[in-house]
Amino acid sequence: MNPIIRTSTLTLSLLFLYSNTHTSTEALNLPIAQTQSIGILNSSPGTQFSYKPALFTAATVCGSYLCYKLYRYIQKNKPLKWNWDNLITRGFPTFPKEFPGGQKFLWGAATSAHQTEGNCTNNTWSEWEKSVDQNGARRVQEESGIACDHWNRYKDDIQLLKKTGANSYRFSIEWSKVEPKEGEFDQAALQHYADVCNELHRNGIKPCINLHHYTDPIWFAQKGGFEKQENIQYFVRFAKTVIKFLHHTDILWFTFNSPDGYAAKGWLTGVTPPAKKDMQLCGHVYANMLESHVQIYRDIKASNYKTARIGILKNMFQLDPWNPLNPLDILACSMGTKVTDTGFFSFFTTGVFELNIPLKANVRHENKHAVGALDFIGINYYCHGYMKNFNVVQDPKETPTDNPMYTLYPEGLYRAIKTVSAQLAKPLNVPMYITENGIATTDDNKRDTFLRQYLHALAQAIKDGYDVRGYIHWSLLDNYEWGSYEKRYGIYHVDRVTQQRTLKPGNKFFLDVIAHNTTG
């Protein structure tokens, strides 16, 4: 039993006895010898005796212990908070010149195909952008269209990235362009991505390639997509084709960007395609994506391309109880964590993925080969949320951003690194990379504060011994943020009419950190 509950029960029992106790030996119906033997009486029968002083003392002691346990429980479970005023007074941070990552640390920026390339017209999101909901309302504010025209402007954009001093670039392969029809691979599209990799290498920038970033070819979705285990083969085939085509270059490979987010938003909350709300299906989608990763990893490691380094990206979004003493808020946090995190960590450390929520989902998938099927783990992190009456809310005391889901919570990056290290990286002895972290804002002062505080959290984690080997910022460009262009995460502002790129002043500190902590 929980010690708080146990102590509470004992305290209430003692208080009840205290309020109802004033008796004598006759009322206890005990013989004189027995009362004397247990020390109740040392005098003659009929002497009045009260338990109240003893019970009051016991209740006070138990009550004090309960208060202490409650205090410790609240302190242990409340979100980590640092006193930034004190840190600023002490001259935080101690870098750019002294960032603890070392000269081989990866510094970079990220994009995804659908959000930047333009003309992604053959995937599930392109259909979604043209669709309406059950009430006839458009699902998105605007379509992606030409986006940042990155498909045609990638050489110029790589030069912009080079000017930041970055030594890595994370981008994604658009499956629907490489395999527009089932089994038909477009060699020109494959060559385009090879050209991108070659251009990056010529400029001293390491490609970090993500094979799946929230979009599927229409033909794959029509087969049932990742809802069906028999469809795993199609993604595995695509991934192996791409890896083998590009393997001659030095690349960090990521199979999936946030499979938990893809599954939860599409099949649980229903806010992205295919807009379903079925936790059981959500669990199957999640499990099938993780199984796809394992099959790709094992097939590549057993081939002539076994030196390829392959990982996966995990989004971390802590759920904290709005009221740490409210059992429903605590339960909601536990359920949410089970959906997104528990099965993921378990699958790669025990070979078992399980999502078991009474009356909602009962999914179990086993593969002993999943254990250790990672060369590294990527962490996407932005913020945390509070569970209040089974809804995710934000603390109004925290600094808001232009994304209503996120506030400034840099301590959460430290927490995310600590959790992933304990649950996955350390048990498997693999390094971590921060693969997404950024802020949606047009306020350069807020952007500067964000970068200073989140990089401080990262530096503190590395100083504390956590094996983090890179930081990739989201995003290189202001791009399409899954419904509109209003949320501006980019290092560079992009003019929607002229496509002109402009460096934002709020990134100066970030670029100074890179300049002082990279070679070349």
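Student: What is the strand order of the open sheet of 3 strands?

Tutor: Strands of a sheet pair through backbone hydrogen bonds, either parallel or antiparallel. In this predicted model, the order is β8-β12-β13, with mixed pairing; strands (E, at least two residues) and helices (H or I, at least four) are DSSP runs numbered from the N terminus, and two strands pair if DSSP finds at least two bridges between them. The edge strands, each pairing on one side only, are β8 (319–321) and β13 (391–393). Strand β12 (residues 385–388) runs antiparallel to β13 and is joined to it by 3 bridges; Tyr 386 has Val 393 of β13 as its bridge partner.

Student: Which helix packs on the sheet?

Tutor: Helix α15 (residues 327–350) does, touching β8 and β12 (contact means heavy atoms within 4.5 Å).

Student: Which residues have the most contacts inside the largest nonpolar core?

Tutor: In soluble globular proteins, nonpolar side chains tend to be buried together. A nonpolar core is a set of buried Ala, Val, Leu, Ile, Met, Phe, Trp, Tyr and Cys residues joined through side-chain atoms within 4.5 Å, where buried means under 20% relative accessible area (1.4 Å probe, protein chains only). Here the largest such core has 135 residues, and Ile 173, Leu 246, Trp 253, Ile 417, Leu 458 and Tyr 471 have the most contacts inside it. Helix α14 (residues 279–301) gives the most to this core, with 11 residues. Beyond its neighbours within four places in sequence, Leu 458 is in contact with residues including Phe 99, Phe 105 and Ile 434.

Student: What conventions apply?

Tutor: Residues are numbered from 1 along each chain as its sequence is written, and side-chain values use heavy atoms, leaving out hydrogens and water. Local features need pLDDT of at least 70 and side-chain atom pairs count only at pLDDT 80 or more, while totals for chains, interfaces and linings use all residues.

Terms used:
Buried means under 20% relative accessible area, exposed over 50%, partly exposed in between (1.4 Å probe, protein chains only). Axes are lines fitted to C-alpha atoms, for helices over the stretch in contact, and angles run from 0 to 180 degrees between N-to-C directions.
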